[in-house]
Amino acid sequence: MMTESKLKVSFQGEPGANSHIACNNVYPDAEALPCPTFEDAFNAVSSGEADLAMIPIENSVAGRVADIHHLLPTSDLHIIGEYFLPIHHQLMAIPGASLETIRTVHSHPQALGQCRVTMRGLGLTPVTESDTAGAARLVRDWQDPSKAALASALAAEIYGLEILKPDVEDEPYNTTRFVVLSREPEWVPVGQGPTVTSLIFTVRNLPAALYKAMGGFATNGINMTKLESYMVGGHFSATQFYAEVDGHPEEKNLKRALEELGFFSTKMRIFGVFPADPARDDHAPPAE
């Protein structure tokens, strides 16, 4: 990933969001650009307002970020990197509030889902907001000791809230995976260490087309780490897929697998060829 200064990196959410933290961690010298929606964050890069976008794609507890998986297939952007961010949610409220005064907890649906057991144990009613940092800002603006937010420690600092209970996520391994998007493709050179190739393809309307398309990865010893299906044109017969595999397209085995995939697909687009985050190994399933 680039670490040059004066970059502008868009993210969805308000200052203090976990995406903001990811921007700061990966590009500490860049300007982070908050955007109201994921589509706005994408468009900021497409229009040139931002150089890159830092976008959450999935969480180890709550699963995939649904909005992103609808935007990715139609995007003209390219994945140039990934980043795994351990997520720690803080239960926060205005100064003077306490665990005894709060009744509702406000946050993004993903955060609420990741803290569901703990919030139920505290007897709090969850209320959905557009993002975690935005919920913290609302709690500050309301000045109501019965309302709390789930957000980051950075959000508590920005909005002047007190953390009533730290690290309230239900699972200690709670991690969000982000991808970095760019207008131009930026393939990591072959032979530069563990590499991930992402692609989108549409299979031919043939019996067992997906099975046959996937066969090339198996016979060439390619590990597929992700396969997501999409409805195309509003039809329930999903024929478009987003996939991620280990390896580089210029390596012999993956090149063969992609050639075989192309034979059984009407269209295929490589979305990105980027270095695997070292943290990826920490989230791999145990060997049997």
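Cys-115 counts as buried, at 0% relative accessibility. The structure described here is a predicted model, and Cys-23 is likewise buried in that model, with a relative accessible area of 2%. Both values lie in the buried class because that class covers relative accessible areas under 20%.

| Cysteine | Relative accessible area | Class |
|---|---|---|
| Cys-115 | 0% | buried |
| Cys-23 | 2% | buried |

A disulfide is a covalent bond between the sulfur atoms of two cysteines. A search of the whole structure returns zero disulfides. Cys-23 takes part in none, and the nearest cysteine sulfur, belonging to Cys-35, is 9.5 Å away.

Five strands form an open sheet in the order β8-β7-β9-β6-β10, and the pairing is mixed. From one strand to the next, the twist averages 40°.

Strands of a sheet pair through backbone hydrogen bonds, either parallel or antiparallel. Strand β6 (residues 90–93) and β10 run antiparallel and are joined by three bridges. In this part of the sheet, Ala-93 stands opposite Glu-162 of β10.

Helix α6 (residues 132–142) packs on the sheet, where the helix touches β6, β7 (104–107) and β9 (147–151). The direction of α6 makes about 155° with that of β9.

Methods
Residues numbered from 1 in each chain as written. Predicted model: local features only at pLDDT ≥ 70, side-chain atom pairs only at ≥ 80, totals over all residues. Heavy atoms only, no water. Disulfide = S-S within 2.5 Å. Buried < 20%, exposed > 50% of the residue type's maximum accessible area, 1.4 Å probe, protein only. Pairing = 2+ DSSP bridges. Helix = DSSP H or I, 4+ residues; strand = E, 2+ residues; numbered from the N terminus. Axes fitted to C-alpha atoms, helices over the stretch in contact; angles between N-to-C directions. Contact = heavy atoms within 4.5 Å.
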